[in-house]
Amino acid sequence: MRQVYVPAAGVAVAAVGQGTWRMGEAPERHREEVEALRLGIALGMTLIDTAEYYGAGGAERVVGDAIADQRERVFVVTKVWPSHAGEEAAIRAVRASLRRLRTDYVDAVLLHWPTRSVPLEETLRAFARLEREGLVRFSGVSNFTPAWLARLDAAWGRMAERPRLALHQVPYSVGDRRVESRVLPDAERRGWGVMAYSPLGQGRLERVRGYDALVRVARGRGVSPYQVALNWLLRRPGVVVIPKATNLAHVRDNAAAGTWTLEPEEVGVLEDALGPPRGDLATGLPPWGPFFALAYWFETRRTGRRGDGRPATAS
C-alpha cells in the first residue's frame, strides 16, 4: 500500500483508507462490517475514518471491534458533530467516542462541519486540551470552505494554546472536483493531509463525464474503473481516499488501487476527458447549532440508537 506523508503531522498514512458512513446502523450487519474493516486493515488500508454522528455512535462501535486486537496498526480519525462543538461539549464528545472505539486515544479528531453557533476558538481549545492530555494526536477540520478556512486562521491567531492541525476532510471525486480550485492548494501550503470522502461518487461513478475514458484506462491496465478513479485522485499531493465498502470483493478492489500509480499519459487522457473543475467548495449545510442538534436527534431516531451507539432497547 502506498503511503502519503502529512508534513503538518510528521507522519505517513495509507493512501487508501476506509470510510464508515452508514455502518453501525443495523445489528444484523455488525459482523459483516467488522469483517470488512479487518480485511481492509490486513490489505494495508490502515487509516479508518469514522464519526460520532455515523449511526449515532454505532459506526464507532464497529470500528472498536475491528481494531480491538490491532490498535497500534491503525490510524483512527473521528469527528465531533457541530452541536457538540463547544469546548466542554467537544471534550465530552471525544471521551464518549473513545469509549465506543475502546481505545485510549484517537490519531486525529476533526470538527465535522463548520458552525456559526460556537466560536471556533472553543473547539480549537478543546482539541488543544485533548492533545495535551494524550487523548488525541492531531486535529483538523472537515467541509471547510475557503471562507471558513479564513475564519479558522483568524481564530488561530487569537489563541495562546493551539492544537496541531493536520487534516482536512472534503468531498472529492472525479465527478466532484470543486476542491481543486482553492481547497487543495490551501492544504498543500499548510502541509495538511486531505481526506477525500465519497471518492467514488456514492455509487454514481458511471454517470460522470469522462467515464468512458476511465473504462479505457482500466481495460488497458487490467483493473477496475473504480481503481482508476481512486488512483486519479491520489495524483494530487497530500490526498488520501476513504471509500466505504462492506462487500469483501469491493474492499479488495479498493485496496488494490493503492498498489500502483497512473502514468503521466494516462493522467492526461483522463484530464482531457473529465474537463476542468467547476465551481468552489460550498458549506452544504446550514451552519447553525439548532440544525445540527436536530439532525443528530433524527439520526438516533432513524437508526434506533440512543446516541451512544447502543440500540435504544439495550440496557
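Tutor: Ala90 has a relative accessibility of 0% and counts as buried (buried means under 20% relative accessible area, exposed over 50%, and partly exposed in between, with a 1.4 Å probe and protein chains only). The model is predicted, so to speak of local features pLDDT must be at least 70, and side-chain atom pairs count only at pLDDT 80 or more, while totals for chains, interfaces and linings use all residues. Residues are numbered from 1 along each chain as its sequence is written, and side-chain values use heavy atoms, with hydrogens and water left out.

Ala90 sits in helix H3, which covers residues 87–101 (helices, H or I with at least four residues, and strands, E with at least two, are DSSP runs numbered from the N terminus). Leaving aside residues up to four places away in sequence, Ala90 touches Val80, His84, Ala85 and Ala126 (contact means heavy atoms within 4.5 Å). Leu130 is 40 residues from Ala90 in sequence, and their C-alpha atoms are 9.5 Å apart.

Ser142 is another buried residue, at 1% relative accessibility. Ser142 belongs to strand S6, residues 136–142. The side chain of Ser142 reaches the backbone oxygen of His112 at 3.3 Å (a polar contact is a pair of N or O atoms within 3.5 Å; within protein, one must be able to donate a hydrogen and the other to accept it, and residues adjacent in sequence count only if both atoms are side-chain atoms). His112 is also among the residues that Ser142 touches; the others are Lys79, Leu111, Trp113, Pro114, His168 and Gln169, not counting residues up to four places away in sequence.

Arg137 and Asp107 meet through their side chains at 2.7 Å, N to O (a salt bridge is a side-chain nitrogen of Lys or Arg within 4 Å of a carboxyl oxygen of Asp or Glu). Arg137 lies in strand S6 and Asp107 in strand S5 (residues 106–111), so the pair ties together parts that are 30 residues apart in sequence. Asp107 is buried at 1% relative accessibility, whereas Arg137 is partly exposed at 37%. Elsewhere, salt bridges that share partners join Arg177, Glu180, Arg235, Arg236 and Glu271 into one network. The structure holds 26 salt bridges.

Asp69 pairs with Arg38, their closest N and O atoms being 2.9 Å apart. Because Asp69 lies in the loop between helix H2 (58–67) and strand S4 (75–80) and Arg38 in helix H1, this pair ties together parts that are 31 residues apart in sequence. Asp69 is exposed, at 59% relative accessible area, and Arg38 is partly exposed, at 31%. Glu33 and Arg29 form a further salt bridge at 3.6 Å, N to O; Glu33 is buried at 2%, while Arg29 is partly exposed at 33%.

Next come the nonpolar residues. In soluble globular proteins, nonpolar side chains tend to be buried together. The largest nonpolar core here has 108 residues, of which Phe75, Leu152 and Leu270 touch the most other members (a nonpolar core is a set of buried Ala, Val, Leu, Ile, Met, Phe, Trp, Tyr and Cys residues joined through side-chain atoms within 4.5 Å). Beyond four places in sequence, Leu152 touches Leu120, Leu124, Val141, Phe144, Leu165 and Trp192.

Helix H7 (residues 211–221) has Tyr211, Ala213, Leu214, Val215, Val217 and Ala218 as its buried residues. They pack against helix H8 (225–233) and helix H10 (264–274). Just after H7, Gly222 takes a positive phi of about 75°.

Leu294, Trp297 and Phe298 make a nonpolar surface patch of about 330 Å² (patch residues have over 30% relative accessible area and no salt bridge; like charges are joined within 9 Å, and nonpolar side chains, Val, Leu, Ile, Met, Phe, Trp and Tyr, within 5 Å; areas come from the Shrake-Rupley method with a 1.4 Å probe, and for residues only the protein chains shown count as cover). Trp297 is partly exposed at 44%, as is Phe298 at 47%.
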